[in-house]
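Colleague: I'd like to learn how to read pockets and cavities. Can we go through an example together?

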Amino acid sequence: MLTRYGATRDELAELLADQPRYRVDQVWDALWRRRVPLDDATELPATLRTRLGDALPLALSPVVEATSDDELTTKWLWATRTGAEVEAVLMRWASRASVCVSSQAGCAMACTFCATGQAGFERHLDTPEIIEQVLRAQHASPQRVTNVVYMGMGEPLANYDAVRDSIVQIRDRLGISARRITVSTVGVVPGMRRLATEALPVTLAVSLHAPDDVLRRQLVPLTDRYPIAEILDAAAEVAGAQGRRVTFEYAAIRGVNDSPAQAEALGRLLGSWPGVGGAHVNLIPLNPTAGFPGQASPRRHLHEFALRLRAYGVTATVRRTRGAEIDAACGQLRRRTLTPVEHPASSRMEPCANTSS
Ligand code: SAH
């Protein structure tokens, strides 16, 4: 089924075969360069807009939308045409605006502390469904979207082709350079190695969460398949190939992975990591979820953890939260909507609606 952001230029030209030739450029320009909703492309005759709207329907319909009090963070839950639900978050700052997109409906990786992992896998999103999240967020944003992060629902490298194609189109059609695109993976080593072969200098984020395999296995079941040593090896390959510093994400869980000894172990592990630019650790206070008993590490504690990492030459930041009142945890809005009693409005914040400090 052809959708608005799935149609190629040739397909668009075919739809506009009875129109003056310049119309193709005009429509393409409105959709991709000016990034306006079709209805706002008033340079097109109203009848043509209606016709195109029917021929090229949107892939996503709104289910829930929430905006933070400062209006800088907006989160959407959309339904795809098959009924699968996906989430995205728009975060704005003075000089940039970032959209956090989902790459799958649900996730098969089953990380124990992650709301999406707890809910299980539904299906891969296709390229237009991924890209439309960026465009729909852009339509709601007074600022131009400058960055895209694949940190919403799903494991991007488990849906490799659709994600790669979406990155290429975000670069080529929207003009957002690969350097402003971040792909976050739980450590799907074959996907990481494949990424290293692409001429696509995206930033890689690796969700590490533990300094050793024994602990990591309890949080990230995929550790059984790909141990930390292999993940670090593949991450170094990506860093070398893309010339980009890799970020290691670490969801800090009180009394589980946040002790001084664990900070030392992580510092030793990453201080000697050979990747280009060295390791950068982003400490994320755990966002509590219904299916996992852990709590966030206290912030003061995280700053101490960061200091210990820095002693090993590892760059470390503690993620700042924003828009807390909309509970923008990826996977959380959906769960809360589906099971409102189990998930009362939380004042906690989430992985992707946060920023490093
Ligand atoms: N599957 C990818 C991307 C999705 S999640 C990945 O694992 O990297 C984006 C980030 O949010 C990951 O680092 C993930 O581990 C983290 N995350 C998920 N649930 C979280 C929670 N409850 N609290 C804090 N961080 C969480």
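Colleague: From which domains does the lining of the second largest pocket draw at least three residues each?

Modeller: First, some background: this is a predicted model, where local features need pLDDT of at least 70, side-chain atom pairs count only at pLDDT 80 or more, and totals for chains, interfaces and linings use all residues. Residues are numbered from 1 along each chain as its sequence is written, and side-chain values use heavy atoms, with hydrogens and water left out.

On a 1 Å grid over the protein atoms alone, a pocket is an open set of points with protein on both sides within 12 Å along at least five of seven lines, a cavity is a set where a 1.4 Å probe fits but cannot get out, and lining residues have an atom within 4 Å of a point. Here, domain 1 (21-56) and domain 2 (57-351) each give at least three residues to that pocket's lining; the bounds come from an automatic or database domain assignment.

Colleague: Which residues lie nearest the centre of the second largest pocket?

Modeller: R4, P37, L58, R136 and H139, out of 14 lining residues. The pocket's volume is about 210 Å³, meaning the space filled by probe spheres set on the points, which are joined across faces, edges and corners.

Colleague: And how many cavities of 30 Å³ or more does a search of the whole structure find?

Modeller: Two. The second largest cavity has a volume of about 40 Å³, and its lining includes P156, Y160, R164 and L200.
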